[in-house]
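Here are some exercises to work through with the model open beside you. Try each task on your own before you read the solution below it.

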Amino acid sequence: MENILVTGGLGYIGSHTVVELIENGYQPVIIDNLSNTKIDVLERIERITGKKTPFYREDVRNIEKLQQIMTEHDINGVIHFAAYKAVGESVEEPLKYYDNNIGGLITLVSAMEKKGIRSIVFSSSCTVYGEPDVSPVNENSPIKKASSPYGNTKQIGEEILSDCPFLNTIALRYFNPIGAHPSGLIGELPLGVPNNLVPFITQTAIGLRSELTVFGDDYNTKDGTCIRDYIHVVDLAKAHVKAVDYIKQHPDKQFDVFNIGTGNGFTVLEIIKTFEEVNQVKLNYTIGNRRAGDVEKVWANTDKAKNVLEWEAHLTLEDMVRTSWYWQKSLATQP
Ligand code: WQD
């Protein structure tokens, strides 16, 4: 049995990945400081998988505890999700982001080095491409200067890992993860007002927000709204299992990076329209100003993930908006 330490394993992407790891015969061990999720997620993972998962309420910056857990569970590899991810907040509080996202990574990798653990899958982001000159972007497309401290932590994180020859690293550059587990038991738990499009849509549809503002319709796209590559979080979770499998099969490979998206771009208005049609709900929205820092359009070339990792997305935009809505409705009935 392979024991995989999952940092941030009760978060949105982490929890879905823990489920996929278990369903593929891995034994995950979770550490999470609960800074952006709730402990109930642990029991929900158990309800989905029928398995109990070891959990530690710990911070990745606690090196002693990390080493203790690595030894106790005979950890073979790590998937590192634990990080802050709010772009706007990172501009307000840059050191909070550098401390947690970079400090946490360095602590984790130091603990791995001490324990002789080589395998790590790192959560990176399409944000490293900034506003690309052309889409789809592939893994060799230029890395643009980060537009926020958050984005910079992902660029620096990749660089730190690629500079560590004692590791076997796969960095996954996520595009825009949305959707939720089909069980309705786990999904995204945004604290406060959501920054991201789909949680804002579902909260508006259920009446928690009065209206959605579409941030600009004067972009150079077919309907004037921005284009993104939305990917179902369950497909994204499966990419992590493939990455862990791949590292096991290629122990001599030091560092590699993969785009994880569907390869399709959709506009904000297309997301809204699909959400309304699939779920048969009317969404109250208006067109507003552009949001500072938004990229006009970006979507992935996913050939490398398909050919090398043998992973590709299977779930559709309909699956994404249907499960997002199912999750929002099931949240409404939770205590
Ligand atoms: C998508 C589209 C908005 C809200 C961000 C981070 C990125 C990544 C994912 C991490 C854009 C529009 C949104 C709203 C809107 N990382 N929108 N009204 O900006 O592509 O990516 O999250 O976690 O690093 O930058 O995602 O969901 O915020 O926006 O019109 O109320 O929806 O302008 O075109 P984004 P998003």
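Predicted model: local features only at pLDDT ≥ 70, side-chain atom pairs only at ≥ 80, totals over all residues.

**Exercise 1.** Find out which backbone atom the side chain of His232 reaches, and describe the setting of His232.

*Solution.* Start with location: His232 belongs to strand E10 (residues 230-232). Its relative accessibility is 2%, so His232 counts as buried. Now follow the side chain, which reaches the backbone nitrogen of Val234 at 3.0 Å. Val234 is itself one of the buried residues of H8. Finally, set aside neighbours within four places in sequence: His232 is then in contact with Ile178, Gly179, Ala180, Leu315, Asp319, Met320 and Thr323.

**Exercise 2.** Describe the shell around the ligand, and identify which element supplies the largest share of it.

*Solution.* Count first: 20 residues surround the ligand, and the closest are Leu197, Thr213, Phe215, Arg228 and Asp294. By type, the shell divides into 10 nonpolar, 6 polar and 4 charged residues. Then sort by element. Helix H7 (197-205) and strand E8 (212-215) each supply at least two residues, and the largest share, 4 residues, comes from E8.

Now look at individual atoms:

- A polar side-chain atom of Arg228 is 2.4 Å from an oxygen atom of the ligand.
- An N or O atom in the side chain of Asp294 lies 2.5 Å from an oxygen atom of the ligand.
- Thr213 takes part through its backbone, with an N or O atom 2.7 Å from a nitrogen atom of the ligand.

To finish, consider how much of the ligand is covered: taken alone it exposes 690 Å², and the protein buries 88% of that.

**Exercise 3.** Place Leu283 in the fold and list its contacts beyond its sequence neighbours.

*Solution.* Leu283 sits in the loop between helix H9 (268-279) and strand E13 (285-288). With a relative accessible area of 5%, Leu283 is buried. Leaving out neighbours within four places in sequence, the contacts of Leu283 are Ile201, Thr204, Ala205, Leu212, Ile272, Phe275 and Glu276. For Ala205, 78 residues away along the chain, the C-alpha atoms are separated by 5.6 Å.

**Exercise 4.** Examine the backbone at Leu34, Asp74 and Pro136.

*Solution.* Take phi first. Leu34 has a positive phi of about 60° although it is not a glycine, and phi of Asp74 is near 50°. Both residues are in loops: Leu34 between strand E2 (27-32) and helix H2 (40-49), Asp74 between helix H3 (63-72) and strand E4 (77-80). Which of them is buried and which exposed? Leu34 is buried at 17% relative accessible area, whereas Asp74 is exposed at 53%. Last, check omega: the peptide bond from Ser135 to Pro136 is cis, with omega near 0°. Pro136 lies in the loop between strand E5 (119-125) and helix H6 (149-162).

Conventions:
Residues numbered from 1 in each chain as written. Heavy atoms only, no water. Buried < 20%, exposed > 50% of the residue type's maximum accessible area, 1.4 Å probe, protein only. Contact = heavy atoms within 4.5 Å. Near = heavy atom within 4 Å. Polar contact = N/O pair within 3.5 Å; in protein donor to acceptor, adjacent residues only side chain to side chain. Areas by Shrake-Rupley, 256 points an atom, 1.4 Å probe, with all protein chains shown as cover. Nonpolar A, V, L, I, M, F, W, Y, C, P; charged D, E, K, R; others polar.
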